[in-house]
Amino acid sequence: MNLTEQSHTQIKAINDILAERIRQDGKWGEQNHDPSLWLVILGEEVGEASEAILCARFAPDDDAAADSLRDFRTEMVQVAAVALAIVECLDRGRWAWPPPAPASWRDLSIMAKVDMPGGDLHGEDVLVQEIDMHGTATVMRVADVGRELNKPMNRRKPIPLHSLSIFDLTPSEAD
C-alpha cells in the first residue's frame, strides 16, 4: 500500500470515528464521566466488538462471516469514538470523582423484600444485618426493628441472598 492509499484509508476511518462521535453527542449530549465509569463504557464496547469477531471467526458460512466482520468494524469505530470521547472529557476537565463508596456492607443500611415462597418471612420487608461469605444474609423484619429480641418472632433469621430483592441501599448513620 502506498502513502496515498494509506492516507485515504486513514481519512475514511477517522471520518467514520468523527461521525460516530457526532452521533453519540447528539444522542447523549456532552458526557463528563469520571475515568472509572468511562472504562466501564469502553469495556462494554470492546465486549460487543469481541462478540462480533467471534461470530465472524465461527460463522457457519461466508455470508454470515462477512456480516459479522462488518459488525466488527462498526463496533471498532464505536470503541475508537468512545476512546476519543474519554480524551475530550479529560481535556475539558469538567468531570468529578463520585462520592466514596461505603467501606463494606456493614456501612450500609440494606432493606429488602423476601421472596421465599413457603418461608415464614415470604413477602416481608427486612433489614439486612449481616452477609456471610456463603451468600447468606441475616435479616430482621422491618416491623420488628426496635422491639425486644428475646421474643421468638423478633429473632434474626438467615436467608439466602438470592431470596432477597433489595429495594433500598443507604449509608448507615454514624455511631
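**Stop 1: Asp132**

Select Asp132. You are in the loop between S2 and S3. This is a predicted model, so treat each stop as part of a prediction. Is Asp132 buried, exposed or partly exposed? Its relative accessible area is 36%. Buried would need under 20%, and exposed would need over 50%. Asp132 therefore counts as partly exposed.

**Stop 2**

Now widen the selection to both strands. S2 covers residues 125-131, and S3 covers residues 136-141. How do S2 and S3 pair, and over how many bridges? The pairing is antiparallel, with 5 bridges.

Pick out two of the bridge partners. Start with Ile131, whose partner in S3 is Ala137. Then move to Leu127, which is bridged to Met140 in S3.

Next, go to the turn. The hairpin has 4 residues between its strands. Click on Gly135 there. Its phi is positive, near 80°.

**Stop 3: S3 and its other partner**

Stay on S3 and bring in S4, residues 157-160. S3 and S4 also run antiparallel, joined by 4 bridges. Select Thr136 to see one of these links: its bridge partner in S4 is Pro160.

Why is S3 described as largely enclosed by the rest of the structure? Count its buried residues: 5 of the 6 in S3 are buried, so the strand is largely enclosed.

While a strand is on screen, keep one general point in mind. In a regular strand, side chains alternate between the two faces of the sheet.

**Stop 4: the whole chain**

Zoom out. The protein chain holds 3 helices and 5 strands. Colour by secondary structure and follow the sequence: the pattern reads α-α-α-β-β-β-β-β. Of the 175 residues, 24% count as buried.

Take the contacts between residues at least 6 apart: 57% of them join residues at least 24 apart.

**Stop 5: H1 against H3**

Select helix H1, residues 3-28, and helix H3, residues 62-92. Their axes come within 8 Å. They cross at roughly 65°. H1 and H3 are therefore roughly perpendicular to each other. The crossing is right-handed.

Show the side chains where they meet. On H1, the residues include Ala13, Ile17, Leu18 and Gln24. On H3, they include Val77, Gln78, Ala81 and Val82. Which classes of residue make up this contact? There are 9 nonpolar, 2 polar and 7 charged residues.

Now focus on Gln24 in H1. Its relative accessible area is 9%, so Gln24 is buried. Leave aside its neighbours within four places in sequence. Gln24 then touches Gly29, Gln78, Ala81 and Val82.

**Stop 6: H2 against H3**

Select helix H2, residues 35-57, and keep H3. The two axes are 7 Å apart, and the helices pack at about 165°. That angle makes H2 roughly antiparallel to H3. This time the crossing is left-handed. By class, the contact has 21 nonpolar, 2 polar and 4 charged residues.

Click on Ser68, which sits in H3. Is Ser68 buried or exposed? With a relative accessible area of 10%, Ser68 is buried. Display its contacts, not counting residues up to four places away in sequence. They are Ala52, Cys55 and Ala56.

**Stop 7: Val87**

Move along H3 to Val87. Val87 has 45% relative accessibility, so it counts as partly exposed. Val87 and Pro35 are 52 residues apart along the chain. The separation between their C-alpha atoms is 9.9 Å.

Methods. Residues numbered from 1 in each chain as written. Predicted model: local features only at pLDDT ≥ 70, side-chain atom pairs only at ≥ 80, totals over all residues. Heavy atoms only, no water. Pairing = 2+ DSSP bridges. Helix = DSSP H or I, 4+ residues; strand = E, 2+ residues; numbered from the N terminus. Axes fitted to C-alpha atoms, helices over the stretch in contact; angles between N-to-C directions. Parallel < 35°, antiparallel > 145°, perpendicular 65-115°, else oblique. Left-handed = near helix turned anticlockwise from the far one by under 90°. Contact = heavy atoms within 4.5 Å. Nonpolar A, V, L, I, M, F, W, Y, C, P; charged D, E, K, R; others polar. Buried < 20%, exposed > 50% of the residue type's maximum accessible area, 1.4 Å probe, protein only.
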